[in-house]
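Here are my notes on the model you sent over. Have the structure open while you read, and start with the overall picture before the details.

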Amino acid sequence: MTQQPTALIADDEPHLARFLTEQLTQLWPELRIVGQARNGVEAARMIADLQPDLAFLDIRMPGLSGLEVAQGIEGATQVVFVTAYDQFAVEAFERAALDYLLKPVSDARLRQTLARVQASLNQGTATDDARMAQALNQLQGSTATPAERLRWIRASAGETTFQVPVADVVFFEADEKYTVVHTAQRQHLIRTPIAELAARLDPDQFWQVHRATLINLDWLESSRRDDASRLWLKLRGVARELPVSRAYVHLFKAM
């Protein structure tokens with residue numbers, strides 16, 4: 001790689017993002033930090049727009065987790081997870097990313113990561129979607145039993161709390177620090193992340209089709225492929241089509 005390498009840092013704690021930026025500036029002066037994201041949705045948007053060579057992603061972020069952001073990357077951006085998780089969870093990250101860093105990040109460990117990053121960027125190694133999906137499943141844990149599955153979504157608006165039956169939900173969509181609950185009648189805002197919803201809903205009824213989208217299959221009307229072979233879904237009562245990221249296209253092959 002001959003051009004100047006670029007990186008994005010995503011962490012909802014600004015002081016930790018600044019600290020990592022300072023470390024990277026000292027240890028890899030040639031690396032250009034092109035942006036800092038404060039949540040998962042912002043990180044996903046910035047990666048798509050800026051196409052950095054490298055993304056340092058915190059695991060726990062509002063809107064989308066670092067794993068969900070990484071799984072939705074369509075370009076060649078490499079991923080390094082920054083996490084406070086224990087060793088068991090790190091085993092999943094190790095299979096899904098170029099490397100991982102445990103907080104607090106030490107200079108010695110960061111040097112090891114940067115050596116691996118530089119070698120990978122020179123070789124042009126790409127992220128493996130299948131390994132990322134496997135890691136996301138391991139992070140979320142085993143599927144909830146029928147008794148533990150959500151039957152209602154509680155959403156507050158002012159002094160009113162709505163009890164929304166999950167059967168009435170057309171799809172969930174991550175939006176900054178909230179998740180938007182789309183029904184045929186209205187939209188609700190909740191703070192439960194997409195990953196947590198996916199783990200507690202019936203997997204035969206609700207499918208995650210994008211890093212920011214979880215659909216109710218009972219509302220699926222049709223699907224189509226565009227000229228670039230990208231898959232799009234049409235849900236009943238929803239004017240716009242919803243994209244399916246390549247990590248989830250395999251779900252629809254048997255349909």
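1. Overall picture. Among contacts between residues at least 6 apart in sequence, 55% join residues at least 24 apart, a contact being heavy atoms within 4.5 Å. The protein has 7 helices and 15 strands; these are DSSP runs numbered from the N terminus, with helices (H or I) of at least four residues and strands (E) of at least two.

2. Ground rules. This is a predicted model, where local features need pLDDT of at least 70 and side-chain atom pairs count only at pLDDT 80 or more, while totals for chains, interfaces and linings use all residues. Residues are numbered from 1 along each chain as its sequence is written, and side-chain values use heavy atoms, leaving out hydrogens and water.

3. Burial and surface. Of the 255 residues, 49% are buried; that means under 20% relative accessible area, with exposed over 50% and partly exposed in between (1.4 Å probe, protein chains only). The accessible surface is about 12,900 Å², and 48% of that belongs to carbon and sulfur atoms. The areas come from the Shrake-Rupley method with a 1.4 Å probe.

4. Helix H1. Which residues of H1 are buried? They are Ala17, Leu20, Thr21, Gln23 and Leu24. Seen down the axis of H1, they fall within an arc of 165 degrees, so they line one face of the helix; the arc is that of the directions from the helix axis to the C-beta atoms. They pack against strands E1 (6-10), E2 (32-37), E3 (54-58) and E4 (78-83), and against helix H5 (107-123).

5. Aromatic pairs. There are 2 of them. Rings of Phe, Tyr and Trp (its six-membered ring) pair if their centres lie within 6.5 Å; planes under 30 degrees apart are stacked, over 60 edge-to-face, and the rest tilted. Phe172 and Phe206 make a tilted pair, 5.9 Å centre to centre with 50 degrees between the planes. Phe172 is in strand E8 and Phe206 in strand E11, 34 residues apart. Phe172 counts as buried at 0% relative accessibility, and Phe206 does at 6%. Trp207 and Phe252 are edge-to-face, at 5.4 Å and 75 degrees. Trp207 lies in E11 and Phe252 in the segment after strand E15 (242-244), so this pair ties together parts 45 residues apart in sequence.

6. Charges over rings. The charged end of Arg109 sits over the ring of Tyr100, 5.2 Å from its centre. Arg236 has its charged end over the ring of Trp219, 4.6 Å from the centre. The test is NZ of Lys or CZ of Arg within 6 Å of the ring centre and within 35 degrees of the ring normal.
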